[in-house]
Amino acid sequence: MGQPIKRSESLMPLSREHHIGLLFCWKLRQGIKFEVPADRIVPYVLFFFNKFLNNHFTEEEQQVFIYATGELSGKAVAEHSSIKALVQKIEAGKAMKGYSDLLALADMVDEHIRFEERVLFPHIETRVSKQELEMIGSHLSAEVLTDDYPDAFWIKDKPAG
């Protein structure tokens with residue numbers, strides 16, 4: 001593990017949400033590791049996407065990506081679209097073979113968060129003025145998600161709630 005990334009205070013709400021997103025990935029992987037039935041994990045995926053991830057994507061696209069170069073913002077938006085499409089596929093129950101789609105989702109979200117934190121956000125921070133960063137920050141939601149999903153399937157030997 002390297003040093004923590006120094007982040008502009010204005011973008012910290014998104015970085016805090018990214019931490020919650022990485023925990024989501026960990027929870028999926030733990031559920032898979034403990035061989036929790038996929039039909040017990042899928043409702044959590046939908047809960048998390050609808051309560052958190054979809055709004056997070058919209059906020060980033062409307063408030064932050066507009067400050068990035070076309071190539072980087074295009075990559076981020078394309079990754080959002082791919083994640084949404086996979087969640088829709090999981091929701092529809094199409095082609096669900098074992099855990100492959102759930103593992104793919106965990107990997108996609110994990111890689112996307114790391115791209116934003118390591119490439120996109122530093123790029124934006126070097127391109128915009130302090131005033132622009134403050135304006136971005138003023139438009140971001142300061143509310144921190146509480147992941148209050150009742151079935152903690154990611155804890156070994158925890159029965160369905």
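Start with the rings: select Phe 24, Tyr 44, Phe 47, Phe 48, Phe 52, Tyr 149, Phe 153 and Trp 154, which ring pairs link into a cluster. Rings of Phe, Tyr and Trp (its six-membered ring) pair here if their centres lie within 6.5 Å; planes under 30 degrees apart count as stacked, over 60 as edge-to-face and the rest as tilted. The structure holds 10 such aromatic pairs.

Before you click on, note that this is a predicted model, where local features need pLDDT of at least 70, side-chain atom pairs count only at pLDDT 80 or more, and totals for chains, interfaces and linings use all residues. Residues are numbered from 1 along each chain as its sequence is written, and side-chain values use heavy atoms, with hydrogens and water left out.

**Stop 1: two ring pairs that share Tyr 44**

Keep Phe 24 and Tyr 44 on screen. Their pair is tilted, with 5.6 Å from centre to centre and 40° between the planes. Phe 24 sits in helix H1 (residues 12-33) and Tyr 44 in helix H2 (residues 38-63), so to speak on two separate stretches: the pair links distant parts of the chain, 20 residues apart. Helices (H or I, at least four residues) and strands (E, at least two) are DSSP runs, numbered from the N terminus.

Buried means under 20% relative accessible area, exposed over 50%, partly exposed in between (1.4 Å probe, protein chains only).

**Stop 2: H1 against H2**

Show H1 and H2 together. They pack at an angle of about 160°, with their axes 11 Å apart. The axes are lines fitted to C-alpha atoms, for helices over the stretch in contact, and angles run from 0 to 180 degrees between N-to-C directions. H1 and H2 are therefore roughly antiparallel to each other; angles under 35 degrees count as roughly parallel, over 145 as roughly antiparallel, 65 to 115 as roughly perpendicular and the rest as oblique. H1 passes H2 in a left-handed crossing (left-handed if the near helix is turned anticlockwise from the far one by less than a right angle, right-handed if clockwise).

To see the contact (heavy atoms within 4.5 Å), select residues of H1 including Leu 14, Ile 20, Phe 24 and Leu 28, and residues of H2 including Ile 41, Tyr 44, Phe 48 and Phe 52. By class, this contact has 10 nonpolar, four polar and four charged residues. Ala, Val, Leu, Ile, Met, Phe, Trp, Tyr, Cys and Pro count as nonpolar, Asp, Glu, Lys and Arg as charged, and the others, Gly among them, as polar.

**Stop 3: the loop between H1 and H2**

Zoom in on Glu 35, in the loop between H1 and H2. Its phi is near 55°, a positive value in a residue other than glycine. Most residues other than glycine have a negative phi. Glu 35 is exposed, at 62% relative accessibility.

**Stop 4: the segment after H5**

Pick Asp 148, which lies in the segment after H5 and is partly exposed, with a relative accessible area of 47%. Which residues does Asp 148 touch, not counting those up to four places away in sequence? Asp 148 touches Phe 47 and Lys 51.

From C-alpha to C-alpha, Val 144 is 9.5 Å from Leu 14, though the two are 130 residues apart in sequence.

**Stop 5: H3 against H4**

Finish with helix H3 (residues 70-92) and helix H4 (residues 100-127), whose axes come within 10 Å and cross at roughly 160°. That makes H3 roughly antiparallel to H4, and the crossing is left-handed. Residues in this contact include Leu 72, Ile 83 and Leu 86 of H3 and Leu 105, Phe 115 and His 123 of H4. The contact divides into 14 nonpolar, five polar and five charged residues.

Last, click His 123 in H4. His 123 is buried, at 17% relative accessibility, and its contacts, leaving aside neighbours within four places in sequence, are Ala 68, Thr 69 and Leu 72.
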